[in-house]
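Me: I would like to go through this structure and ask what each label rests on. Please set the values against the definitions.

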Amino acid sequence: MEPAPLLFWRGGEAMAERPFNDYSYEQFLKEGKIMGSLCKKCGAKALPPRPICVSCYGTQMEWIEFKGEGKLAAFTDIVVAPPFMAKEGFGKNNPYVVGVVELKEGVKIVARLIGIDAKKPDEIKVGSPWRAEFIKSGQGPEEKVYLAFRPA
Amino acid sequence: MAKKKKLFRGVAVVGGGLSKLGLFKERNCKDFFAEAYLEMLQSVDKGIDPRDIEAIYIGNFSNDFFVKQAHWGPIIADLVGHVPKPVTRTEGACASSALAFREGVFAIASGFYDIVLVGGIEQMSKRTTEEVTEGLGTAGSPYEVATGFTFPGVFGTIATAYFAKYGAKREDLFNVTIKSHNNAPLNPKAQFPMTVRDFMNARIERCRQKGEPLPTWKDEKDFLRDVSVNPPIAWPMHLFDCCPISDGASCLLLVAEEIAKNFTDNPIYVAGLGQGSGYSLHATKDLTSFEATRQAAKEAYEMSGLTPADVQFAEVHDCFSIAEIIHMEDLGFFKPGEGYKAVAEGLTRLDGPKPINTSGGLKAKGHPVGATGAAQLYEVWLQLRGQAGPRQIPNPNLRVGGAHNLGGTGGTCTFVILERR
């Protein structure tokens, strides 16, 4: 077994020192980048990044940027919304669409789907091409950037 | 090298109980367990002295959230006079009590105990639908939850992948709902002991009483197509694709094989059991299959030496209509992409060659999440003993049945094969 690398988070410093975790993934989204991990041992890609490769158990990772182009693998159109989405105004009269997009680099990611009529789910086609977009919500410390896709 | 799994000694189910399922806001969760426990005591043919029960394993997903009370192990031990003997709570979301069963089996197989009670409890009625949706959502994958997926949303997503891959359509799922509801009126414990046609007739009657124009549905499918009675929840899942919110409790009495005949001349034995874990949607290789189920099935089949064809009937975790189809394929009952056709052909009806969810399934029987795994095993146990009453499978040579339980959005799955010898 290779020793696990020492990982430190020192805000704003070199990319290589960011830990391969969900927090770093979210920070990169704020910078307009979709960043995942690439296993140095076997080349397996993971998005969001993983500290341990689930293909070969390697622990040496490097960052890999994904272009954000892919095809729709599956989706749903949600009418009964959880409380945090209801707070954003979604629900019975304003459904929203989320799905799984398979990126050209060969990994899948879950994301919101925008730029389509959420009242017509039967018109959304699995297999169609989609492109990533970064959506800001909230202000100040509450600010979050989430990943969305719109038809390419 | 993974070696073939086996139990160091055999385990038998010699008693069982299930409370009436439904919404009982005014009652306490303990009441449900008392109901199931008292039935269990009655069900042991040659009797059981409760003092002989050495340990209890109790599955509960999240009464912590649903009724703001955690640590249900000692509450249940106190209820049935088990204190100060040990009680352990297991949690695996909707598979919580299948895990309790598994722990009970292992405890006996190891030689540590001879007589163990396993079961599950959940009370969901004290919360609003939105709160329950949020509570259940906590068992989803963090990535899905943060993106806005709900439980119905995850299964809706899986359905669109299945449709695209195999050419099935939303209407093919109607067959699952109609089949399950056909079994439910035969089950006195069911939350909805009604066929889909009963729902139609009830609605027509209501319109007649109110003096409103009478609906003109041609048949059950026409009724399910009508969004005024079957509204969308998360495309393509509509109300009648989704199991209800339920309260209930279940339990089973397990004993070592060599003493089973002291309790009944008709014990039901554990032939095989398996458990698996699964990835989130984005990390799973195939969106139309659950790796946790395939792992659980592989273990159970290897251990028992049985094949999918040997399992004559099963309860599978139909939390959503699409789930029943995928589970039947993952368990090997039908080839991938063939499950929906099997339902359409009637192969999974009570009188078909492979009856599935004779209890009415989660959809019609109800789904008190922590109680469901043991409730499914209770149904298989009843069927194998020939005690399922009007819903008894019409096969005089019933010998082997299975119970498949799924937790969360597929993160935990179990499969247990029971047999009559």
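Reply: In S6(A), A:Ile109 is the bridge partner of A:Val101. This is a predicted model, in which local features need pLDDT of at least 70, side-chain atom pairs count only at pLDDT 80 or more, and totals for chains, interfaces and linings use all residues. Residues are numbered from 1 along each chain as its sequence is written, while chains are lettered from A and ligands numbered from 1 in the order in which they are written.

Me: Which strand does S5(A) meet over 8 bridges?

Reply: Strand S4 (residues 69-78) of chain A, running antiparallel. There, A:Thr76 has A:Val98 of S5(A) as its bridge partner.

Me: Why is strand S5 of chain A called mostly covered?

Reply: A residue is buried if 20 or more other C-beta atoms lie within 10 Å of its own, exposed if 12 or fewer, and partly exposed in between, with C-beta atoms placed from the backbone. In S5 (residues 96-103), 7 of its 8 residues are buried, hence the label.

Me: What makes S3 and S9 of chain B edge strands?

Reply: The open sheet of 9 strands in chain B has the order S3-S2-S4-S7-S1-S8-S11-S10-S9, with mixed pairing. Strand S3 (87-90) and strand S9 (313-315) each have a single partner strand, so one side of each is left without a neighbour in the sheet.

Me: How do you know that S8 and S11 of chain B pair?

Reply: Strand S8 (residues 268-277) and strand S11 (residues 412-419) run antiparallel and are joined by 8 bridges. In S11(B), B:Thr412 stands opposite B:Ser277.

Me: Which residues have the most contacts inside the largest nonpolar core?

Reply: B:Leu252 and B:Val416, in a core of 159 residues. Such a core is a set of buried Ala, Val, Leu, Ile, Met, Phe, Trp, Tyr and Cys residues joined through C-beta atoms within 7 Å. Helix H15 (residues 369-385) of chain B gives the most to this core, with 10 residues.

Me: Which residues are buried in helix H3 of chain B?

Reply: In H3 (residues 72-79), B:Trp72, B:Ile75, B:Ile76 and B:Ala77 are buried. Just after H3(B), B:Gly81 takes a positive phi of about 75 degrees.

Terms used. Pairing = 2+ DSSP bridges. Helix = DSSP H or I, 4+ residues; strand = E, 2+ residues; numbered from the N terminus.
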